[in-house]
Amino acid sequence: MRDQLKTEAEQPPAVPGQRRQVPAATPAQATAPATALTSAPVRRAGARPERTEMADRLAYLDSATRRINSALDLAATLRNIGRVLVPTLADAAVVHLRDPLPNVEREPGFPEELRIHHSTGTRIGRRGRPSGMDDRRRSRYGARSTADGGPATPVTRGGALAHALLSRRPAEAAVLGTPAAERAETLLRELYGTRGVARLAAGTSVLALPLRGRKAVLGLLILIRRPPERTGRPVFDAADTATAAHLATQAGLAVDTALRYAREWEIANELQRSMLPLRLPQSHGVRIAQRYLPGERGAQVGGDWYDAVPLPGNRVALIVGDVMGHSLTSAAIMGQLRTSAQTLAALDLPPHEVLYHLDEQAQRLGREQHLATCVYAVYDPIANRVVMANAGHVPPVLVRPDGTAELVELDSGAPIGVGGVDFNSVELPAPPGSALLLFTDGLVETRTRPISDGLELLRARIAAARWQSPEQLCQEALRILPPGDRGDDIALLGACFDGIPAGDVAHWYLQPRNETPGRARRLAAHTLRRWGLDELSEATELMVSELVTNAVQHATRPVTLSLVRTTRLRCEVGDDSPLLPRPRRTGPEDERGRGLQIVARCADRWGATRLGTGKVVWFEQRLPAGM
């Protein structure tokens, strides 16, 4: 009954006319040569027995070959090999592969060790363990995969195992207990030990077939038929041996293909991971967490990415994108687009402008093959606002301070790379206590669930769950994934908005005049006294004076001065000149060029950022102890 309930995909390739129940063979039948793959084939009406046998065997070979080559994953390939061989051709099959698995791109040399990677119809698992047929399985020909083949078996040069691996002569079946089976018994002892061979009854028929890849032998396939008096099936004959040799050739090439695919997948996955940030910057007023989950091993690597870029004014740009397609090229294009997005974000362009320039960059890379979707958001913790633009991406989830969650309805536009499409920015309130979740479609779209249902399920899950941090937010989002393998990779970026109180921020617009540096010093000193930071007043006034003086010399529009108190004191001076200040060596008689040296000596950190409309020079200082 269990065999009848098997799906068609689980059934081994069957020979037309093959009977499920095979009557016990008489002694005469047991020693007679086999005329087909089964001991009692049903002949077609009006057909000659030889033609019926040939048609059945060719149909079996065709079906088995297609199934062996139907998968790219190594484990699935080995399972398919076992299913096409057992029970149609053999009672048991064991696949030994090199240990460690070789790099099939180059000649791996002599096989030093083998390890069992799969067994079907037998309990062979470790050297010295029982090697006979498993009579306790529920069905007559149950299949069992061996995940751990136990210790590796060394290959002795000049031994029977090495001869079976490297021999170019056609394989010959051996019947244990006969004088001609000495080499086969020696081979089995090398593989399974004396106890394992002793459990194989006399009359057992064994075939040892090398699994050859495109450049070298990859392993060994062992086929076993129990004695004819137990099964009613004769020992391997010449036709069975030729059939097994053909399938072993196909199996070796399929294993080679699976190893090549696994190597390419690992290279592409490593490339993609190396292009993603190991950790994201933690800006004041916002907490950020990220997750990346690669797709299943059977699916090629994708082009999902995430990023966070600090901006002037304690703002931060949040980015999640997805290059369409799954290939090594997709991962490479992802790296180029992420780099471009970082550069554009550093220019402090509006979100829709960033997407516009990314679209131009993608078109230069290749209009038809390099489409991508992307959501770009900029959070301002001082203004408590978030500005977002979307390029064909799934909508993000915005969580309000009261816990309600909503999908942000943005003008999705067209994917990056289409060209000629306008992108629009939308500004939304983001008060302290709110959060934003950006993600790729692999989170909400599965093989059995449409994307609309996944989006609603995600929104409801986030609204109902109790989470306190961006890490917990990402973890709750991942709980909507169904069990099993994923067909697509997933990128998540969660941000919890804490904001910066208005009382900790001071901002001024100053006209570019000669008296402006003095006024800037007084404003800074007054603010620091109000914040109780008198210890930092002297150094801050000196650095503010130097930066404002430099800005006044180059600016044609008002100069901006900002002070922000968080866990550090940050000062920013901005002007409309794109020329970035650079420290330079000064001589004892030089009157200029010492301002940046003073800033570098007094500040803990400093830097300059070019913007779309000018630049910002900033420095930071640690707050006094106890503040």
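Modeller: What follows goes through the terms one by one, with the values behind them.

Modeller: This is a predicted model, so a pLDDT of at least 70 is needed for local features and 80 or more for side-chain atom pairs, while totals for chains, interfaces and linings use all residues. Numbering starts from 1 along each chain as its sequence is written, and side-chain values use heavy atoms, with hydrogens and water left out.

Colleague: How many helices and strands does the protein chain have, and what makes a run count as one?

Modeller: The protein chain has 14 helices and 21 strands.

Colleague: What share of the protein chain is buried, and what does buried mean?

Modeller: Buried residues make up 52% of the 627 residues. Buried means under 20% relative accessible area, exposed means over 50%, and partly exposed lies in between (1.4 Å probe, protein chains only).

Colleague: Why is L89 called buried?

Modeller: Its relative accessible area is 0%. That is under 20%, so L89 is buried. L89 lies in the loop between α3 (74–85) and β1. L89 and T243 are 154 residues apart in sequence and 8.6 Å apart in space, C-alpha to C-alpha.

Colleague: Is M275 buried or partly exposed, and how do you know?

Modeller: M275 has a relative accessible area of 21%. That value falls between 20% and 50%, so M275 is partly exposed. M275 is found in helix α7.

Colleague: What makes a residue a contact of M275?

Modeller: Contact means heavy atoms within 4.5 Å. Leaving aside neighbours within four places in sequence, M275 is in contact with A331, A332, M334, G335 and R338. M275 and A331 are 56 residues apart in sequence, with C-alpha atoms 8.4 Å apart.

Colleague: Which residues does T527 touch?

Modeller: T527 touches A506, W508 and L563, not counting residues up to four places away in sequence. T527 lies in helix α12 (residues 516–531). With a relative accessible area of 1%, T527 is buried.

Colleague: What share of contacts in the protein chain joins residues 24 or more positions apart?

Modeller: Such residues account for 70% of the contacts with a separation of 6 or more.

Colleague: Why is the pair D240 and R57 called a salt bridge?

Modeller: A salt bridge needs a side-chain nitrogen of Lys or Arg within 4 Å of a carboxyl oxygen of Asp or Glu. The side chains of D240 and R57 meet at 3.5 Å, N to O, so the pair qualifies. The pair links distant parts of the chain: D240 is in helix α7 (residues 238–275), R57 is in helix α2 (residues 49–68), and they are 183 residues apart. D240 is buried at 0%. R57 is buried at 7%.

Colleague: How do you know that R260 and E105 form a salt bridge?

Modeller: Their closest N and O atoms are 3.3 Å apart. The limit is 4 Å, so the pair counts. R260 is in helix α7, E105 is in the loop between β1 (92–98) and β2 (113–120), and they are 155 residues apart. R260 is buried at 17%, whereas E105 is partly exposed at 35%.

Colleague: What does the salt bridge between E620 and R568 tie together?

Modeller: The closest N and O atoms of E620 and R568 are 3.2 Å apart. E620 lies in strand β21 and R568 in strand β19, so the pair ties together parts that are 52 residues apart in sequence. Salt bridges that share partners join R568, R570, E572, D604, R605, E620 and R622 into one network. The whole structure has 26 salt bridges.

Colleague: What makes a space a pocket, and which residues lie nearest the centre of the largest pocket?

Modeller: On a 1 Å grid over the protein atoms alone, a pocket is an open set of points with protein on both sides within 12 Å along at least five of seven lines. Lining residues have an atom within 4 Å of a point. The largest pocket is lined by 35 residues, and P312, R315, D348, L611 and V616 lie nearest its centre. β19 gives the most to the lining, with 4 residues.

Methods
On a 1 Å grid over the protein atoms alone, a cavity is a set of points where a 1.4 Å probe fits but cannot get out, and a pocket is an open set with protein on both sides within 12 Å along at least five of seven lines; lining residues have an atom within 4 Å of a point. Helices (H or I, at least four residues) and strands (E, at least two) are DSSP runs, numbered from the N terminus.
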